[in-house]
Amino acid sequence: MGVGSSGDADADAERARREVERREWDAQFMACLSLLLPESMLLREGTMVATSNRTGMMMMSNTYTDDWVDTGLRLDKPLLDVGCAYGLNVMHAVRRGARVVGIDYEDRHLTVAAQAIKDVLAARNTQNTAMFSAFEFKHGRLPSQLPPSDTPDGRYASVLVSEVIHFLTCDELKQSLRDIRNLLVTHGTMYITAIGHGALGFFESEDAKRRVAEKVAQKRNSCGAVEWQLSELRAFHVEQCPSVSVDSTRPHTGKEPIGPDRWQTFDAPTLSRAVADAGFRILKASEDENPSYSGFHTQDDSVAKEFGLPCHVAIVAEAIPP
Ligand SMILES: C[S@@+](CC[C@H](N)C(=O)[O-])C[C@H]1O[C@@H](n2cnc3c(N)ncnc32)[C@H](O)[C@@H]1O
C-alpha cells in the first residue's frame with residue numbers, strides 16, 4: 001500500500017470516528033430535548049425537530065458542524081451559529097472545547113436550547129465545568145441584529161448559517177452577508193446552507209412541478225434567487241411533507257407550508273456570486289450533498305431529476321481582506 005492510500009485510509013478512519021462521536025452526542029441531545037418539548041414536535045424518529053415558529057425544522061448535525069468547529073479551534077476565536085434553533089450545533093462546539101454564541105430571533109428556541117445543553121452536560125457527568133460557561137444564547141436577527149463576540153475586536157472565527165437565508169428577502173440577504181463578513185476575522189469561514197429550487201418538488205402535481213421549473217428559468221431576483229409567495233406555495237399543496245407545518249402553538253392541517261409568508265430558493269452558482277460580492281472567497285459550493293438532508297430533499301426528487309434543479313445548496317467561504 002502506498003503512502004497516499006494509507007494517508008487516505010487514516011483520514012477516512014478519522015472521519016468515521018468523528019461521525020460516530022457526533023451521532024452519539026446527537027442522540028443524547030435528542031433524549032434531553034424530548035423531555036423539554038411536546039412529543040408532536042419530534043419528527044421522523046427523532047431525526048428532526050419542528051421549530052416553534054413555523055420556520056421548518058432543526059436537523060441533526062453533519063460534517064459542516066465538524067468543519068465549523070475546526071475553524072474556530074484553529075483560529076482561537078469564538079464561533080457563531082445564526083438561526084441556531086434548539087442549539088444542537090452549539091452543543092457540538094461546546095463538547096469540543098470551543099467558545100460559541102447561538103442566536104435566533106425566536107426566544108422560545110433559546111430558552112430550550114440553553115436548558116438542553118446543560119442537561120446533556122449534566123447527564124454525561126461532565127467534569128469540565130468551563131463547558132457550562134463556554135456557550136451563550138442571544139436574541140439576534142438577520143440582517144443587522146448580530147451580536148459582536150466578547151473578544152477585543154468583536155469578531156468570530158467561523159459562522160454557521162444553516163437553513164436560514166431562504167426566509168430573507170434579496171436585500172436582506174445582501175445585507176446579512178455583509179454583516180457576517182464584518183463580524184468575521186480575515187480568513188475566518190462562513191458555512192451557509194439553504195433550500196434549492198428543487199425542494200419545491202414536495203409539491204405533488206406534475207403541473208405544479210412544471211410551473212416551478214418555468215418560474216426558476218425566468219424569474220431570478222438580483223441575488224440570483226427565486227422568490228415564492230405563500231399564496232403560490234399554498235396552490236401547490238404541501239401534501240408530501242406535512243411535517244414542515246407542525247408547530248407547538250396550534251394544530252396543523254398538514255396542508256400548510258412553513259411559517260413565513262415568502263421564501264427564496266437558490267442554486268450554488270448564483271448563491272456563490274452573492275456570497276463573493278459580500279467579500280468572500282468561495283472555498284466550496286455544492287448542491288444536494290448535505291448528509292443531514294438525505295432522504296428529505298434528495299437528488300431523486302422528481303423536480304430535481306426532470307428539471308435539473310438542486311434541492312439543497314451549501315457554500316463554504318473565506319472572509320478575504322477588505
Ligand atoms: C429551518 S430552522 C434551521 C435550524 C438549524 N440552523 C438547522 O440547520 O437545523 C431556521 C431557524 O432560523 C431561525 N430564523 C429564521 N429567520 C431568521 C432570521 N432572520 N434571523 C435569525 N434567525 C432566524 C428560526 O427561528 C429557526 O430557528
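Author: The model is predicted: local features need pLDDT of at least 70, side-chain atom pairs count only at pLDDT 80 or more, and totals for chains, interfaces and linings use all residues. Residues are numbered from 1 along each chain as its sequence is written.

Reader: What makes a stretch count as a helix or a strand, and how many of them are there in the chain?

Author: Helices (H or I, at least four residues) and strands (E, at least two) are DSSP runs, numbered from the N terminus. The chain has nine helices and 12 strands.

Reader: Why is strand β7 called largely enclosed by the rest of the structure?

Author: A residue is buried if 20 or more other C-beta atoms, placed from the backbone, lie within 10 Å of its own, exposed if 12 or fewer, and partly exposed in between. Seven of the seven residues of β7 (residues 156-162) are buried, so the strand is largely enclosed. For the chain of 322 residues, 47% count as buried.

Reader: How do you know that β7 pairs with strand β4 and with strand β8?

Author: Two strands pair if DSSP finds at least two bridges between them. Strand β4 (residues 79-82) and β7 have four bridges, in the parallel sense, and Leu79 stands opposite Ser158 in β7. With β8 (residues 184-195), β7 has six bridges, again parallel. Tyr156 stands opposite Leu184 in β8, and Val159 has Met190 as its bridge partner there.

Reader: What makes β6 and β11 edge strands?

Author: The open sheet has seven strands in the order β6-β5-β4-β7-β8-β12-β11, with mixed pairing. β6 (135-139) and β11 (280-287) each pair on one side only. The twist averages 15° from one strand to the next.

Reader: Why is the unit made by β7, helix α5 and β8 called right-handed?

Author: A crossover is right-handed if, with the strands pointing away from the viewer, the path from the first strand over the helix to the second runs clockwise. β7, α5 (residues 170-183) and β8 make a β-α-β unit of that hand.

Reader: Which residues come nearest to the ligand, and what makes a residue part of the shell?

Author: A residue is near a molecule if its C-beta atom, placed from the backbone, lies within 6 Å of it. There are 21 residues around the ligand, and Gly56, Gly83, Ala85, Ser162 and Glu163 come nearest. Strand β3 (residues 57-59) gives the largest share of the shell, three residues.

Reader: How do the residues of the shell divide into nonpolar, polar and charged?

Author: Ala, Val, Leu, Ile, Met, Phe, Trp, Tyr, Cys and Pro count as nonpolar, Asp, Glu, Lys and Arg as charged, and the others, Gly among them, as polar. By that rule the shell has nine nonpolar, eight polar and four charged residues.

Reader: Why is Ala85 called buried and Asn125 exposed?

Author: Ala85 has 28 other C-beta atoms within 10 Å, so it is buried. Asn125 has 6 and is therefore exposed. Ala85, in the loop between β4 and α3 (88-95), has a positive phi of about 50°. Asn125, in the loop between α4 (107-123) and β6, has a positive phi near 55°.

Note on methods: Axes fitted to C-alpha atoms, helices over the stretch in contact; angles between N-to-C directions.
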